Amino acid sequence: MRPDYILTLSCPDRTGIVYRVSGLLFEAGCNILDAQQFGDEESGRFFLRVHFDMAAAGEEPAVRERLRRLGTEFAMDWQLHDARRRARLLVLVSKQGHCLNDLLFRAHSRQLKVDIAAVASNHGDFAALAGSYGVPFQHLPVDAENRAQQERQILDLVERENIDLVVLARYMQILSPQLCQALAGRAINIHHSFLPSFKGAQPYHQAHARGVKIIGATAHYVTSDLDEGPIIEQDVARVDHAMTPRDLVRLGSDTESLVLARAVRRHVEHRILLNGHRTVVFR
């Protein structure tokens with residue numbers, strides 16, 4: 001099989017971008033398998049994702065050099081990814097394991113093109129769950145005194161395991177600005193509401209007390225602005241007056257797991273491009 005790659009780019013919008021990119025790939029003997037594009041009138045930027053194959057992996061350096069020259073000409077932010085490579089994940093979790101359990105199953109059953117290299121937690125509750133999938137578990141307790149040291153351990157784990165993406169699967173700790181910066185663009189959080197409502201503890205109990213008719217979940221990139229990072233994916237579920245807070249928790253847990261899995265999939269398939277504080281998400 002011919003090796004395949006994914007090119008993602010953004011640049012100031014102007015005529016000829018698609019023509020020049022497709023021409024470059026044609027001249028390099030590549031075959032375009034799928035392409036998606038978007039021009040944002042508000043920001044004046046153009047976004048492109050191209051999935052293509054090439055005659056042999058040995059052609060990659062030459063293609064990268066051509067892209068480098070074209071990128072300079074068009075002021076492009078671009079990346080070229082090996083589509084065959086499985087992303088390596090570090091999953092952070094606290095005491096609610098529904099999202100972790102879902103990710104472990106999807107990775108094990110090859111529903112997600114990822115390898116979960118490790119699970120880390122400030123509690124020891126899910127060591128057995130991770131172990132049942134053959135995934136190493138790191139217990140990293142944290143308190144006010146050792147927070148900096150514990151975050152250093154997380155970063156050491158990221159570096160040692162060559163982690164591509166850190167997933168906060170209901171990890172109920174606020175990351176420091178320093179850790180957020182170190183993980184910029186490669187850390188995803190699942191928030192237990194359709195942002196920006198019902199923040200804080202017991203969100204589903206708050207929603208029940210307010211008599212809401214929908215609940216939801218939001219997956220976003222982690223930034224130092226708490227729960228304000230660029231949104232990747234959201235979904236909602238309808239509720240009614242007969243549902244108890246326990247019903248809402250159950251329904252919300254299902255929604256959170258699904259939304260987080262979608263966000264992880266779109267990240268590892270290189271379908272997300274940042275557009276200022278927003279995202280362009282190619283389906």
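## Helices α3 and α8

Helix α3 (residues 98–108) packs with helix α8 (residues 245–268) at an angle of about 45 degrees, and their axes are 9 Å apart. Helices here are DSSP runs of H or I with at least four residues, strands are runs of E with at least two, and both are numbered from the N terminus. Axes are lines fitted to C-alpha atoms, for helices over the stretch in contact, and angles run from 0 to 180 degrees between N-to-C directions. The two helices α3 and α8 are therefore oblique to each other; angles under 35 degrees count as roughly parallel, over 145 as roughly antiparallel, 65 to 115 as roughly perpendicular, and the rest as oblique.

Before going on, a word on the model: it is predicted, with local features needing pLDDT of at least 70 and side-chain atom pairs counting only at pLDDT 80 or more, while totals for chains, interfaces and linings use all residues. Residues are numbered from 1 along each chain as its sequence is written, and side-chain values use heavy atoms, with hydrogens and water left out.

## A closer look at α3

Which residues bring α3 and α8 together? On the α3 side they are H98, C99, D102, L103 and R106, and these meet S253, E256, S257, L258, L260, A261 and V264 in α8. Contact means heavy atoms within 4.5 Å. Helix α3 is mostly covered, with eight of its eleven residues buried; buried means under 20% relative accessible area, exposed over 50%, and partly exposed in between, using a 1.4 Å probe and protein chains only. The buried set is H98, C99, L100, D102, L103, L104, R106 and A107. Besides α8, these buried residues pack against β5 (87–93), β6 (114–121), α4 (127–132), β8 (165–168) and β9 (187–191).

R106 of α3 is worth a stop. Its relative accessible area is 15%, so R106 is buried. Leaving aside neighbours within four places in sequence, R106 is in contact with Q111, L112, L258 and A261. After the helix comes R110, with a positive phi near 65 degrees.

## The four-stranded sheet

Four strands form an open, antiparallel sheet in the order β2-β3-β1-β4. The edge positions belong to β2 (31–40) and β4 (77–82), each with a single partner strand, so one side of each has no neighbour in the sheet. Neighbouring strands are turned by 10 degrees against each other on average, direction ignored. Two strands count as paired if DSSP finds at least two bridges between them.

Strand β2 pairs with β3 (residues 45–53) in the antiparallel sense over nine bridges, and D34 stands opposite H51 in β3. Nine bridges also join β1 to β3, again antiparallel, with L48 of β3 as the bridge partner of L9. Strand β1 is mostly covered: eight of its nine residues are buried.

Helix α2 (residues 60–74) lies across β1 and β4, running at about 165 degrees to β4.

The two helices α1 and α2 also pack together, at an angle of about 165 degrees and with axes 11 Å apart. That makes α1 roughly antiparallel to α2. Their contact is made by I17, R20, V21, L24 and E27 of α1 with R66, L67, L70, E73 and F74 of α2. The crossing is right-handed.

Beyond neighbours within four places in sequence, E233 is in contact with A217, T218, A219, V259, R262, A263, R266 and R283.

D235 also lies in β11. With a relative accessible area of 25%, D235 is partly exposed. Its side chain makes a polar contact with the side chain of R262 (3.0 Å). The C-alpha atoms of D235 and A219 are separated by 9.3 Å, the two residues being 16 apart along the chain.

Terms used
Left-handed = near helix turned anticlockwise from the far one by under 90°. Polar contact = N/O pair within 3.5 Å; in protein donor to acceptor, adjacent residues only side chain to side chain.
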